[in-house]
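Student: I have a structure open and would like to learn how to read it. Can we take it one feature at a time?

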Amino acid sequence: MTVEVNSANDFSDLVRIDEGLIHSSVYTSEAIFELELARIFHRWWVYVGHESEVAQPGDYCLKWIGRQSVIMTRSEDGTIHLLMNRCRHRGATVCQADKGSSHFFKCQYHGWTYSNDGELIGLPHAAAFGASFDKGSYGLTRVPRVGEYRGFLFASLSPTGVPGGQNPPVRRDPADAVQGQLEAGRPGRLPPRCHPSLGTRNQPASGRHAAWEHDREF
Amino acid sequence: MNTSLLTVANEFAVVNVWVDDSANGPRLVLRDPKTGERIYLDPLELESILRSRHRDLTPLVDPGRFD
């Protein structure tokens with residue numbers, strides 16, 4: 001049975017907290033997925049990654065915030081940047097590889113070239129854009145809000161977010177517990193064919209899956 | 001005599017690298033495998049690069065310098 005969200009976006013029939021019941025369509029409905037993108041992933045704080053994924057200056061890796069591709073980079077001064085992976089010229093993705101090490105990114109479409117802190121450092125035939133063209137105004141767009149706690153990086157695509165959501169919603173005790181002990185492996189990507197919340201639900205926040213399926217790893 | 005050739009590549013560029021001993025002194029060769037274009041860098045030039053910051057390389061990376 002397929003149950004779609006009703007026109008009023010009322011989920012009370014699908015999520016019955018008191019009974020501990022969540023309808024399976026919450027994980028499969030395209031309409032609910034679009035609502036989640038608009039209300040959560042493109043608006044609220046989203047966990048992006050850990051600073052150890054770009055351990056050395058020049059390291060970068062690609063991340064997704066909802067449907068937006070984001071470059072996570074560490075520049076020469078050690079600062080981590082989250083940049084929209086979209087060339088300011090024609091909107092092509094600047095980085096294609098999931099990870100790498102480069103202090104400059106060159107868009108393969110027309111050669112616009114950026115430093116890994118997002119500044120546009122050069123382009124072919126700049127004179128064609130006129131004397132008033134200002135490279136300084138065409139750096140890669142920064143993710144509007146970035147937060148960090150104990151090396152965990154959070155970001156929001158919304159400059160304002162939601163009321164009361166000015167800081168990343170960090171459960172501080174787990175983050176404190178692993179401080180200094182956590183080092184991410186080399187970034188990789190699995191092609192999941194599942195609802196985007198599945199990973200989160202299987203993290204230790206849920207606990208039961210990890211304890212049952214991965215007990216030998218603890 | 002040349003040392004073994006290395007290829008250093010990422011999604012933005014591919015470069016062949018080796019040490020060339022065919023001249024009166026050793027030089028590091030950088031070659032673009034697509035075009036064959038190459039440059040021979042002597043030790044003083046290499047030392048200058050190693051004392052540079054990446055920001056100093058910006059004029060060299062700018063594709064507009066070939067306009």
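Student: How many helices and strands does chain B have?

Tutor: Start by counting elements, then follow their order. In this predicted model, chain B has 2 helices and 4 strands. Read from the N terminus, their order is β-β-β-β-α-α.

Student: What are the dimensions of the box that the C-alpha atoms of chain B fill?

Tutor: Along the principal axes, that box is roughly 35 × 30 × 20 Å.

Student: What share of the residues in chain B is buried?

Tutor: A residue is buried if 20 or more other C-beta atoms lie within 10 Å of its own. In chain B, 1% of the 67 residues are buried. Contacts can also be sorted by separation in sequence. Among those in chain B between residues at least 6 apart, 0% join residues at least 24 apart.

Student: Which residues have the most contacts inside the largest nonpolar core?

Tutor: That core has 31 residues, and those with the most contacts inside it include Val48(A), Leu82(A) and Val94(A). Strand 6 of chain A gives the largest share of this core, 4 residues. As for Val94(A), among the residues it touches are Phe105(A), Tyr114(A) and Leu140(A), leaving out those up to four places away in sequence.

Student: How many residues does each chain bring to the contact?

Tutor: Chain A brings 19 residues and chain B brings 12 residues. On the side of chain A that touches chain B, strand 8 of chain A provides the largest share, 3 residues. By class, that side of chain A has 8 nonpolar, 9 polar and 2 charged residues.

How values were computed: Residues are numbered from 1 along each chain as its sequence is written. Chains are lettered from A and ligands numbered from 1 in the order in which they are written. This is a predicted model: local features need pLDDT of at least 70, side-chain atom pairs count only at pLDDT 80 or more; totals for chains, interfaces and linings use all residues. Two residues are in contact if their C-beta atoms, placed from the backbone, lie within 7 Å. Ala, Val, Leu, Ile, Met, Phe, Trp, Tyr, Cys and Pro count as nonpolar, Asp, Glu, Lys and Arg as charged, and the others, Gly among them, as polar. A nonpolar core is a set of buried Ala, Val, Leu, Ile, Met, Phe, Trp, Tyr and Cys residues joined through C-beta atoms within 7 Å. A residue is buried if 20 or more other C-beta atoms lie within 10 Å of its own, exposed if 12 or fewer, and partly exposed in between; C-beta atoms are placed from the backbone.
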